[in-house]
Amino acid sequence: MSDELWTPDLTVDLAPNNPRELRLANPVIAASGCFGYGQEYAGVIDVERLGAFVSKGITPEPRGGNSMPRIKETPAGMLNAIGLQNPGIRGFIRKYPKLWARMSVPAIVNISAETVDDYAMMAALLDEQPAIAGIEINVSCPNIARGGYCFGWDPEMSADVTRAVGAATTLPLIVKLSPGAVDVVAVAEAVEAAGADAISLINTLVGMTIDVHRRRPTLGNVTGGLSGPAIRPIAVRMVYQVAAAVRVPVIGMGGIMALDDLLEFVMAGASAIQVGTGIFVDPGLPIRLIDELTEWMTRHGVRRLDEIVGAAQPAAARQFRFAGVETAGDSA
Amino acid sequence: MSQRQLGGDLTVAGTSAPVRSREFVGEVVGIEPIMGDAAVLSVDVPMTVVHGLRSGRFFEITCRDEVAFDPLLRRPYSVYRIDAERGRLLFLVRPFGRGSAWLSRRRPGDRLALLGPLGNTYDIGPTSQNVLLIAGGVGVAPMVMLADEAIGRGLNVTFLMGATTVPGLLPATELPDRVEYVVATDDGSKGYHGFVTDLAADYVRWADQIFACGPESMYLELRTAIGPHRIGRRPTVQVSMEREMACGLGACLGCVVETRHGMVASCIQGPVFDLDEIIW
Ligand SMILES: Cc1cc2nc3c(=O)[nH]c(=O)nc-3n(C[C@H](O)[C@H](O)[C@H](O)COP(=O)(O)OP(=O)(O)OC[C@H]3O[C@@H](n4cnc5c(N)ncnc54)[C@H](O)[C@@H]3O)c2cc1C
Ligand SMILES: Cc1cc2nc3c(=O)[nH]c(=O)nc-3n(C[C@H](O)[C@H](O)[C@H](O)COP(=O)(O)O)c2cc1C
Ligand code: FES
């Protein structure tokens with residue numbers, strides 16, 4: 001390593017195939033449902049330093065959400081059944097794009113719907129708005145045309161949503177995969193073929209607890225989504241499998257609580273990561289991850305994040321997708 | 001350790017932010033038994049945190065060791081009292097489950113990761129002269145701070161406290177002298193034999209405002225007990241709602257209370273609500 005002064009390049013473009021690009025100053029993103037609408041943490045952390053943030057899931061109509069209790073702590077994790085409480089796409093548009101216009105951090109809108117047409121309708125409305133950097137499609141929703149079977153569990157249904165949204169907007173599209181899919185790789189390949197600019201994973205895993213005193217399910221909604229460190233090994237495995245199968249950028253998440261966790265996802269093949277539950281527990285975490293990653297890259301002579309994306313993938317996968325990636329073993 | 005050192009480069013489980021943020025590190029300086037199995041935990045914090053703090057607000061405290069993930073979520077704690085000169089927060093902690101048991105085992109010198117102050121406050125109206133405070137169990141915490149505030153403003157304060165048995169009652173010495181303190185126990189071992197809410201009816205006509213903190217069942221009893229004696233919505237009643245919380249900042253919507261204005265986050269628009277606004 002030469003003595004010349006340099007700082008590592010943390011920037012990442014999450015939509016290299018889209019002329020509108022989704023260029024982030026660093027790969028650390030606040031996850032949907034865990035960061036409100038980008039305003040809530042303003043007095044606590046420097047929101048502008050984030051790579052990006054994703055809004056709470058927005059639906060076609062306003063929703064009051066599920067009955068209480070909505071959250072339940074579990075071993076090294078938590079269950080949530082918020083029920084997508086949100087002001088609806090029109091209420092959202094009245095309030096947030098103009099607040100976001102005053103911020104420089106990229107703001108991504110997470111959308112959920114129960115029909116393909118509704119997804120497309122929301123995308124068309126968002127397309128006209130300022131200050132929106134991209135759309136994250138949450139396919140972990142019941143498809144009412146298919147008897148409530150979750151879009152995200154089926155490659156074709158996920159691809160239908162992706163295509164419809166892509167036809168309605170030129171905004172960069174991230175499709176957020178559900179870990180409940182029978183074959184998550186098949187879903188990833190299908191949404192890539194349908195035009196996804198990037199793929200994020202994983203959403204929460206469905207779980208439940210029972211209140212043994214009351215002899216009833218704890219959550220008002222009976223089941224909820226499991227998040228936090230408890231799900232991390234599953235998330236890392238899915239990112240590893242998906243990243244080897246697609247060429248679009250992959251955004252990894254699930255239980256990230258420290259720099260080593262972030263590195264696991266990156267080495268599995270993620271070009272960026274999201275932090276959800278970790279922010280509740282430790283609001284300073286995302287900013288600390290950026291600082292610690294910068295320091296780690298400097299210390300290890302990693303000039304660009306690309307150099308370690310997919311570093312843990314087998315050689316064949318690295319040739320297919322991660323050209324230029326060297327493992328520690330190769331470069332030492 | 002001086003104030004300036006606190007919250008500087010120190011990090012403990014779940015914190016890294018500078019003092020300016022609402023995320024900071026405090027140092028335990030004392031833990032004293034007070035009533036039953038509950039203790040008062042004294043924590044030195046940056047001066048700016050204590051400045052202007054009012055009753056009802058709370059802090060989210062990380063209740064685990066630095067390297068552990070259990071219990072994962074922070075626990076909300078109301079402020080029991082402040083020492084503005086020393087920059088000190090006092091909390092009333094009852095070991096109940098895992099988080100509170102961990103907190104009850106803290107010793108002087110231990111560091112704590114806090115997030116706050118969070119939430120809204122109890123509000124004493126500008127024309128109020130007589131205020132009725134009602135506490136159930138460890139719900140007494142924000143009521144003590146409110147009693148301090150009301151006495152400081154020269155108001156007449158009656159403080160009703162209920163507990164299952166005598167050890168669960170707040171010692172009278174904890175309250176300012178001018179407070180009229182009336183107690184009730186479920187087993188009749190001290191004071192009135194029965195629910196503290198039964199006592200409230202006698203004060204309804206006297207009180208300009210009623211403030212309460214306790215379990216939700218207590219609020220329902222209170223509503224029934226005072227209903228026939230109120231004139232319309234007078235006196236108004238402010239209650240603190242207890243909800244399990246994750247973020248404490250209005251981001252997750254896990255802590256909502258159903259009100260006439262919809263589902264609202266109790267960590268932002270609460271924990272203090274007008275009793276008549278809540279849909280029970
Ligand atoms: C705004 C606010 C202020 C608070 N102020 C104080 C205070 O001043 N002093 C104090 O001692 N506590 C206070 N609490 C409660 C405290 O935050 C903890 O939630 C409580 O002590 C339980 O945490 P734990 O980890 O000990 O229990 P856990 O291990 O989480 O729970 C043990 C058992 O109790 C049940 N449980 C947990 N929380 C509740 C609840 N809120 N109501 C009913 N059952 C529950 C769980 O389901 C479980 O079965 C306050 C709560 C809120 C929301
Ligand atoms: C309280 C809560 C609400 C969430 N809401 C949404 C949502 O509206 N849309 C979505 O796509 N994901 C939502 N998620 C999932 C997270 O964005 C993330 O995929 C998941 O929690 C895993 O990451 P984590 O372990 O870092 O939290 C939510 C998660 C939590 C904990
Ligand atoms: S605890 Fe998250 S919104 Fe209140």
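# Two chains, two ligands

Visitor: Where does ligand 1 lie?

Guide: Ligand 1 lies between chains A and B. Before we go on: this is a predicted model, where local features need pLDDT of at least 70 and side-chain atom pairs count only at pLDDT 80 or more, while totals for chains, interfaces and linings use all residues. Residues are numbered from 1 along each chain as its sequence is written, chains are lettered from A and ligands numbered from 1 in the order in which they are written, and side-chain values use heavy atoms, with hydrogens and water left out.

Visitor: Fine. Which residues are closest to ligand 1?

Guide: It's surrounded by 17 residues, counting any with a heavy atom within 4 Å of the ligand. B:Arg75, B:Pro76, B:Gly99, B:Ser100 and B:Glu242 are the closest.

Visitor: What sits 2.6 Å from an oxygen atom of ligand 1?

Guide: That's an N or O atom in the side chain of B:Arg75. The side chain of B:Ser100 also has an N or O atom 2.3 Å from a ligand 1 oxygen, and at B:Gly97 a backbone N or O atom lies 2.8 Å from one.

Visitor: How much of ligand 1 does the protein bury?

Guide: 76% of the 920 Å² that ligand 1 exposes when taken alone. Accessible areas here come from the Shrake-Rupley method with a 1.4 Å probe, and for residues only the protein chains shown count as cover.

Visitor: And ligand 2, which residues come nearest?

Guide: A:Ser32, A:Lys176, A:Gly228, A:Gly255 and A:Thr277, out of 22 residues around ligand 2. By class that shell has six nonpolar, 14 polar and two charged residues. The classes are: Ala, Val, Leu, Ile, Met, Phe, Trp, Tyr, Cys and Pro nonpolar; Asp, Glu, Lys and Arg charged; the others, Gly among them, polar.

Visitor: What does A:Ser32 put 2.7 Å from a ligand 2 oxygen atom?

Guide: A polar backbone atom. With A:Asn110, an N or O atom of the side chain is 2.9 Å from an oxygen of ligand 2. A:Gly276 has a backbone N or O atom 3.0 Å from a ligand oxygen. On its own ligand 2 has 610 Å² of accessible area, and the protein covers 97% of that.

Visitor: Switching to the chains. How many residues are in contact between chain B and chain A?

Guide: 31 residues of chain B are in contact with 30 of chain A, contact meaning heavy atoms within 4.5 Å. The buried area between these chains is about 2,600 Å², with carbon and sulfur atoms giving 61%. Buried area is the accessible area (1.4 Å probe) that two parts lose on being put together, summed over both.

Visitor: How many salt bridges between chain B and chain A?

Guide: Two, using a side-chain nitrogen of Lys or Arg within 4 Å of a carboxyl oxygen of Asp or Glu. One partner pair is A:Glu73 and B:Arg75, with the closest N and O atoms 2.8 Å apart. B:Arg75 is also among the residues closest to ligand 1.

Visitor: What about chain B itself, how is it divided?

Guide: Into domain 1 (5–118) and domain 2 (130–277), with bounds from an automatic or database domain assignment. Their C-alpha centres lie 23 Å apart. The area buried between these domains is about 2,000 Å². B:Met35, B:Tyr80 and B:Arg81 supply 29% of the area domain 1 buries against domain 2, more than any other three residues.

Visitor: What does B:Arg81 meet in a salt bridge?

Guide: B:Glu174, side chain to side chain, at 3.5 Å from N to O.

Conventions. Polar contact = N/O pair within 3.5 Å; in protein donor to acceptor, adjacent residues only side chain to side chain.
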